[in-house]
Amino acid sequence: MSVVANPPIEPPLTEIEIEGCRALEGHVEMLAGVIGVRHDSRPSSLDASVSYITREWEAMGETVRAEPYRTVAWEAKNLVVEWPGRDPKAPAVLVGAHYDTVRTTPGADDNASAAAVLLEATRMLAGRRFRRTVRFVAFANEEPPHFGTRTMGSRVYAEACRARGEAVRAMVCLEMVGYFDCRRGKQSYPDELPRVVRPLLRDTGDFIAVVSDMSSCRVLRRFRRGFRRASSLPMIAAPVPKARELLWLSDHGPFWDVGYPAMMVTDTSWFRNPNYHEMTDTPATLDYERMTRVLTGVVGGVAALASR
């Protein structure tokens with residue numbers, strides 16, 4: 001198990017951030033530590049995850065809409081919380097994360113970290129009324145055997161949005177956001193990454209990445225500005241040519257496929273985290289202070305997208 005002793009984050013967390021940090025750790029501990037492997041070979045663990053996420057949202061006073069669909073193993077459920085915007089004609093902003101895992105891991109980083117940020121972003125943004133409708137979605141079945149198939153939760157959801165004729169301004173996908181390694185040489189990248197992006201890169205895994213395809217670059221810039229105003233965490237954010245070939249790796253992919261702008265917020269997965277898809281992807285391996293700064297940045301980015 002790779003547990004990294006990163007230096008304390010600067011500036012130190014505020015009292016409000018410390019509360020958020022504790023909440024994030026609690027969500028990860030429940031999903032990855034108590035429930036554990038969340039795969040359709042264990043339908044009861046997926047049902048437990050659905051119950052936990054639903055209870056947490058309802059405890060915040062939110063109305064949770066479950067959108068079930070059948071698979072061979074279980075009745076999968078996408079979970080939705082929606083805040084109508086002031087302008088019903090303005091395209092909506094979606095924020096999503098999957099809650100399942102592969103069968104070989106308890107999935108603290110992949111993807112309890114993102115589910116935790118999804119929950120706490122809802123809490124931090126609650127009570128604000130935006131011009132655009134904001135929708136938070138917890139997706140089922142991102143991992144194999146569903147990845148890239150018609151039973152992938154985000155594909156089911158994106159295609160339903162398109163079939164209803166819904167206008168979507170941006171989909172923000174949260175995918176593995178809790179593992180950081182501040183040592184030199186611990187960050188790698190895809191060999192196929194374009195030259196135009198390489199000057200932005202760093203060899204320390206102390207940042208969060210936000211990537212999109214070229215058609216989503218305007219909403220990416222807007223999100224980036226909001227994130228940087230709200231968070232001091234280092235960030236690399238760029239649209240990537242041929243992103244659909246390189247980076248169709250999570251729940252943003254199906255939204256690209258049906259023509260919606262989308263981006264992925266990520267700690268770069270296996271390019272940094274040696275515990276990826278291993279039983280060693282446990283709650284103790286995550287850096288909750290830096291993950292808290294991801295949370296505050298995501299809140300700022302979503303607010304920027306939803307306000308304009």
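This is a predicted model: local features need pLDDT of at least 70, side-chain atom pairs count only at pLDDT 80 or more; totals for chains, interfaces and linings use all residues.
**First stop: Glu17**

Select Glu17, which lies in helix H1, residues 15-35. Next, display Thr14, whose backbone nitrogen is reached by the side chain of Glu17 at 2.9 Å. The relative accessible area of Glu17 is 12%, under 20%, and therefore Glu17 is buried.

**Second stop: the largest pocket**

Turn now to the largest pocket, with a volume of about 450 Å³. Select Leu247, Leu249, Met264, Thr266 and Thr268, which are the closest to its centre among the 29 residues of the lining. Colour strands S8 (208-212), S9 (235-239) and S10 (262-266), for these elements each give two or more residues to the lining of this pocket. By class, the lining of the largest pocket comprises 20 nonpolar, five polar and four charged residues.

To display its lining, select Arg132, Arg169, Arg218, Arg221, Arg222, Arg225, Ala304, Leu305 and Arg308. Two elements to highlight here are helix H5 (217-230) and helix H8 (288-307), which give two or more residues to this lining. Helix H5 supplies the largest share, four residues. Colouring by class shows seven charged residues and two nonpolar residues in the lining of the second largest pocket, with no polar ones.

Conventions. Residues are numbered from 1 along each chain as its sequence is written. Side-chain values use heavy atoms; hydrogens and water are left out. Buried means under 20% relative accessible area, exposed over 50%, partly exposed in between (1.4 Å probe, protein chains only). A polar contact is a pair of N or O atoms within 3.5 Å; within protein, one must be able to donate a hydrogen and the other to accept it, and residues adjacent in sequence count only if both atoms are side-chain atoms. On a 1 Å grid over the protein atoms alone, a cavity is a set of points where a 1.4 Å probe fits but cannot get out, and a pocket is an open set with protein on both sides within 12 Å along at least five of seven lines; lining residues have an atom within 4 Å of a point. Grid points are joined across faces, edges and corners, and a volume is the space filled by probe spheres set on the points. Ala, Val, Leu, Ile, Met, Phe, Trp, Tyr, Cys and Pro count as nonpolar, Asp, Glu, Lys and Arg as charged, and the others, Gly among them, as polar.
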